[in-house]
Amino acid sequence: MEFFDVKIRKTVYRIKPIRRKRKSMQIEIEPDGKIKVVAPIGMPICLVKSFVESKVGWVEKTMNKLDQMDWIRLDDFKNSPCESLESVEDRMKAKAESVLKERLCLYGKSMGIQPNKVIVKSQKKRWGSCSSSGIIRLNWKCVLLKPEVMDYIIVHELCHLREMNHSKLFWKEVEKILPDYKDRQDQLKKIKFEC
Ligand SMILES: [Zn+2]
């Protein structure tokens with residue numbers, strides 16, 4: 001396996017370029033922070049390395065932006081003892097909507113797919129669903145899960161825009177985006193639904 005190391009934000013990253021039949025090189029930061037480099041078949045690895053090195057500034061800027069995306073933490077909402085529970089929940093729901101929509105848009109962009117509409121609401125028994133008319137519904141409580149589990153729900157529903165079932169083809173689509181989706185799925189299965 002060919003690879004090279006590049007220093008980004010004081011950390012050394014091992015880059016393993018993906019070789020494709022194409023003429024140009026491409027670098028991408030995936031929503032989970034992974035660096036994806038695509039290079040033409042036959043291009044010397046030293047050229048791929050210098051291309052990536054020339055993009056370090058952009059990579060660092062993009063990673064900083066990803067870090068700033070704020071996740072909802074229950075603790076952030078607990079510090080107001082006089083506030084009624086309903087109003088805390090309302091504020092959390094509003095925040096959840098913007099976090100979920102932003103994250104879904106990010107994954108959608110990297111997959112080249114966008115739903116016709118995203119609805120974030122309370123759902124009694126489901127984390128998310130996708131209709132044949134291209135509407136994705138997400139339970140606002142997804143934001144209370146671990147980010148990697150939340151991402152799994154988002155990617156799962158986005159993949160339904162391509163495959164409206166749970167066929168082998170569907171799981172292949174999920175795996176393309178989240179190779180470790182089975183671990184995330186197991187984590188989700190362990191969470192009891194209490195709405
Ligand atoms: Zn599904």
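This is a predicted model: local features need pLDDT of at least 70, side-chain atom pairs count only at pLDDT 80 or more; totals for chains, interfaces and linings use all residues.
Residues are numbered from 1 along each chain as its sequence is written.

Now look around that pair. Strand β7 and strand β8 (residues 135-139) run antiparallel and pair over three bridges. Here, strands are DSSP runs of E with at least two residues, helices are runs of H or I with at least four, and both are numbered from the N terminus; two strands pair if DSSP finds at least two bridges between them. These two belong to an open sheet of three strands, in the order β6-β8-β7, with mixed pairing. At the edges sit β6 (117-121) and β7 (128-130), each of which pairs on one side only. On average, neighbouring strands of this sheet are turned by 15° against each other, direction ignored.

What packs on this sheet? Helix α5 does, touching β7 and β8, and its direction makes about 15° with that of β7. (Axes are lines fitted to C-alpha atoms, for helices over the stretch in contact, and angles run from 0 to 180 degrees between N-to-C directions. Residues are in contact if their C-beta atoms, placed from the backbone, lie within 7 Å.)

Follow α5 (residues 147-160) to another partner, helix α7 (residues 181-189): they pack at an angle of about 105°, with axes 9 Å apart. That makes α5 roughly perpendicular to α7, a label used for angles of 65 to 115 degrees. On the α5 side, the contact is made by Glu148, Val149 and Tyr152, and on the α7 side by Tyr181, Arg184, Gln185, Gln187 and Leu188.

Next comes helix α6 (residues 168-177), whose buried residues are Glu173, Val174 and Ile177. Seen down the axis of α6, they fall within an arc of 95°, so they line one face of the helix; the arc is that of the directions from the helix axis to the C-beta atoms. On the other side, Lys168, Leu169, Lys172 and Lys176 are exposed. Buried means 20 or more other C-beta atoms within 10 Å of a residue's own, exposed means 12 or fewer, and partly exposed is in between, with C-beta atoms placed from the backbone.

Finally, visit Tyr13 in strand β2 (residues 11-15). Tyr13 is partly exposed, because it has 16 other C-beta atoms within 10 Å.

Notes. Angles under 35 degrees count as roughly parallel, over 145 as roughly antiparallel, 65 to 115 as roughly perpendicular and the rest as oblique. Two residues are in contact if their C-beta atoms, placed from the backbone, lie within 7 Å.
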